[in-house]
Amino acid sequence: MPSAPPPPSAPGPGAWLKAPAGLANATVALLGAGIAADLFSLWAGGGVFGVVSDVIDGDYGAVTEDRLDRADSLYGVSGILQGAVMLGTVVLFLCWFHRVRVNAEVFAPDGHSKSRGWAIGGWFVPIANLWFPRRIAVDIWDASSGDRWLPGAGREHKRRTLLNAWWTMWLTTGIFGQIASRQYQAAEEPEKIKQAVVSLMASDLINIAAAVVAMLFVRRLTAMQDALARSGPGRPFA
């Protein structure tokens, strides 16, 4: 006589469904603010680029020196603004990411390769942060697809194109941003400064693209969980 299948696993202690829409909306809003900060940085960087170009061309006088000081100060302000917005975005994103991870544990208690704490801790462990967050995101995405409770319904959601695009852009903007920042900090000669500013402006453009993809990722995963909470087992979001 065949043995009965094992009962489904239960979520861990403290795992209950809670709507992530509020955190998602706040995260998307700050990602939008980050785009605005990057656009401001692009404009300020263009000013530095123009003044340094004049210096390289030999047009260096009292007026140009004053322009250089103002352009450099404005560029510094744009960097501070970018850092402040990024800090706020990181905090909100991590809160949202942890929330959807907890929800995903309710949807699929046995569908996670990393414990709940890694949804936040995994971002801060050197080397591991290059793949732990994506692994966690994949588990969340699959658990939220709906295929577990509504066979076939989650097939379209299980395509991870958007998730992979988000993670690729995240890694790209982090690596390229570090290289550009170090290049700018080390630059002393006008020609080197000009090249570094171009790198920083390219980094800003990549940041904007990454923010757009992140907004889409947050929106999509939040919508997937909302749809599953409404149609799946148990009660809808609290």
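The model is predicted, so local features need pLDDT of at least 70 and side-chain atom pairs pLDDT 80 or more, while totals for chains, interfaces and linings use all residues. Residues are numbered from 1 along each chain as its sequence is written, and side-chain values use heavy atoms, without hydrogens or water.

Let's start with H1, residues 21–56 (helices are DSSP runs of H or I, at least four residues, numbered from the N terminus). With 36 residues at 1.5 Å a residue, H1 should span 52 Å, and its end C-alpha atoms sit 51 Å apart, which agrees; the expected span is 1.5 Å times one less than the number of residues. Just after H1, Gly58 has a positive phi of about 95°.

Val28 lies in H1 and is buried, at 9% relative accessible area (buried means under 20%, with a 1.4 Å probe and protein chains only). Leaving out residues up to four places away in sequence, Val28 touches Met215, Val218 and Arg219 (contact is heavy atoms within 4.5 Å). Leu216 is 188 residues from Val28 in sequence, yet their C-alpha atoms are 8.7 Å apart.

Now the largest pocket, which is lined by 44 residues; Met86, Trp170, Thr173, Gly174 and Asn207 lie nearest its centre. A pocket is an open set of points on a 1 Å grid over the protein atoms alone, where a 1.4 Å probe fits, with protein on both sides within 12 Å along at least five of seven lines; lining residues have an atom within 4 Å of a point. H2 gives the largest share of the lining, 13 residues.

| Helix supplying at least two lining residues | Residues |
|---|---|
| H2 | 62–107 |
| H5 | 161–186 |
| H6 | 190–231 |

How values were computed. Buried means under 20% relative accessible area, exposed over 50%, partly exposed in between (1.4 Å probe, protein chains only).
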